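Welcome! Take a moment to look over the chain shown here, and then we will walk through it together, topic by topic.

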Amino acid sequence: MKSLSTALAQRHQQGLYRQRRVMHGQSSVHMQLAGQPVINFCSNDYLGLASDPRLIAALADGARRYGVGSGASHLVTGHHAIHDALEQALAEFTGRPRALLFSTGYMANLGVITTLAGRHDRIFSDRLNHASLLDGARLSGATMQRYPHHDMAALHTLLAEPSTAQTLVVSDGVFSMDGDIAPLPQLMQLAHDSGSWLIIDDAHGFGVLGAHGGGTFEHCSQPHSDNVAVIGTFGKAFGTSGAFVAGSDALIETLIQNARSYIYTTALSPALAHATLVSLGIVRDEDWRRQQLRSLIERFRRGAAQLGLTLGESTTPIQPLIIGDNARCVAASERLLAAGLLISAIRPPTVPHGTARLRITLSAAHREVDIDRLLDALSGL
Ligand SMILES: Cc1ncc(COP(=O)(O)O)c(C=O)c1O
């Protein structure tokens, strides 16, 4: 038997040890950590909704009306009318015929990919895709090839190889660790021309991009197409938790019949579905939150450029500062924490080797003074 403590010690030495932080207070940009106030620059609560009083009230109201737990899986007795209502609202929001709820984005990605691809099929995946897309591809047993990040010529070459297999092209909409946006029009064209499925995980795009928060598709003005499955999660801009897949009627019915991560698990809490329905209305209608976010992003990028800091090519709230070395990245994160700023050091295998980074994320709930404090602290790194 391999020694677990030796492996853990090795992890420490490589600067790869992960530790949980115990946070206190409501989830927001101003929190308490070990009794000290901190400004949170690493959550995915991009619109500042996780502790919005309207969502808190909706969750309590939902629990009173429907109970806390769903009691069973969707295919037994766990599928409540409120789930149905949220699915219909999501279909309308995304401009797709239908939507299907999953308990988490991780499970939605596993479900879609393993349903659409099997052992004899092919999956072409952007090299920087989220781990859940990678795991879905592995679990499907299909042959997976990763094309270089955003490289549409490389994808075109892969798609041109003759094959009778079902083919899936898989990409993040907004890349979770880099914040850049997938070249959606080209992906749509390539998938269409090659008769492939296109799977877009827009966990970080929904709520943030587009005048109504419709994500990467709204941002790129791309309409619905039957060969596309789009995944959204509620744990980010929506401020709750859970996920959905949107697409054609046939796709959703096929997922209900086959997706094991949909079938063999307890349905999302109906109270949470109720709160998410309220959140969806806020996401769609309160564009001022996106405008506030954009203005904070611009302020941060302007200030960082003045300091000579090189950020990634990102116009979204995910603003990575690449440090490279794991230990240096952890040290930088700790120095920032000592200054009252919470920013995670993201290291391999979450990101490629040699690209450890401070994953700075901004929220509409930040104020300009928070951004200025962040810039001030980064200038002293
Ligand atoms: C791009 C992407 N997809 C999927 C997920 C998983 O979503 P969930 O947290 O709902 O499981 C995440 C992060 O959590 C993500 O960043």
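Helices (H or I, at least four residues) and strands (E, at least two) are DSSP runs, numbered from the N terminus. With those labels in hand, keep in mind that you are looking at a predicted model. In this model, the chain has 15 helices and 14 strands. The radius of gyration of the chain is 21 Å, close to the 21 Å that the globule rule gives for 381 residues, so the chain is as compact as a globular protein of that length.

**Overall layout**

- Along the principal axes, the C-alpha atoms of the chain fill a box of roughly 55 × 55 × 50 Å.
- Two domains divide the chain: domain 1 covers 19–47 + 287–379, and domain 2 covers 53–285.
- Between the C-alpha centres of domain 1 and domain 2 there is a distance of 26 Å.

**Where the two domains meet**

- How many residues does the contact take from each domain? Domain 1 gives 22 residues and domain 2 gives 28 residues.
- About 1700 Å² of area is buried between domain 1 and domain 2, and carbon and sulfur atoms give 56% of that area.
- Leu47, Arg290 and Thr316 stand out here: they supply 28% of the area that domain 1 buries against domain 2, more than any other three residues.
- There are 11 residue pairs in polar contact between domain 1 and domain 2, counting pairs with both residues at pLDDT 80 or more.
- On the side of domain 1 that touches domain 2, helix H13 (287–306), strand E11 (318–324) and strand E14 (356–361) each supply at least two residues.
- H13 gives the largest share of that side of domain 1, with four residues.
- Sorted by class, the side of domain 1 that touches domain 2 has nine nonpolar, six polar and seven charged residues.

**Salt bridges**

- Side chains of opposite charge can pair when their charged atoms come close.
- The salt bridge count for this model comes to 14.
- Between domain 1 and domain 2, the count is one salt bridge.
- Asp178 and Arg357 meet through their side chains in a salt bridge, at 3.0 Å from N to O.
- Another pair to find is Arg98 and Asp249, whose closest N and O atoms are 2.7 Å apart in a salt bridge.
- Arg98 lies in strand E4 (residues 98–102) and Asp249 in helix H10 (residues 249–258), so this pair ties together parts that are 151 residues apart in sequence.

**Two backbone details to look for**

- Most residues other than glycine have a negative phi, and most peptide bonds are trans.
- Where does His150 lie? Look in the loop between strand E6 (143–147) and helix H7 (152–160).
- His150 is not a glycine, yet its phi is positive, at about 65 degrees.
- Pro348 and Pro349 are joined by a cis peptide bond, with omega about 5 degrees.
- You will find Pro349 in the loop between strand E13 (345–346) and E14.

Terms used. Residues are numbered from 1 along each chain as its sequence is written. This is a predicted model: local features need pLDDT of at least 70, side-chain atom pairs count only at pLDDT 80 or more; totals for chains, interfaces and linings use all residues. Side-chain values use heavy atoms; hydrogens and water are left out. Domain bounds come from an automatic or database domain assignment. Contact means heavy atoms within 4.5 Å. Buried area is the accessible area (1.4 Å probe) that two parts lose on being put together, summed over both. A salt bridge is a side-chain nitrogen of Lys or Arg within 4 Å of a carboxyl oxygen of Asp or Glu. A polar contact is a pair of N or O atoms within 3.5 Å; within protein, one must be able to donate a hydrogen and the other to accept it, and residues adjacent in sequence count only if both atoms are side-chain atoms. Ala, Val, Leu, Ile, Met, Phe, Trp, Tyr, Cys and Pro count as nonpolar, Asp, Glu, Lys and Arg as charged, and the others, Gly among them, as polar. The radius of gyration is taken over C-alpha atoms; the globule rule is 2.2 Å times the number of residues to the power 0.38.
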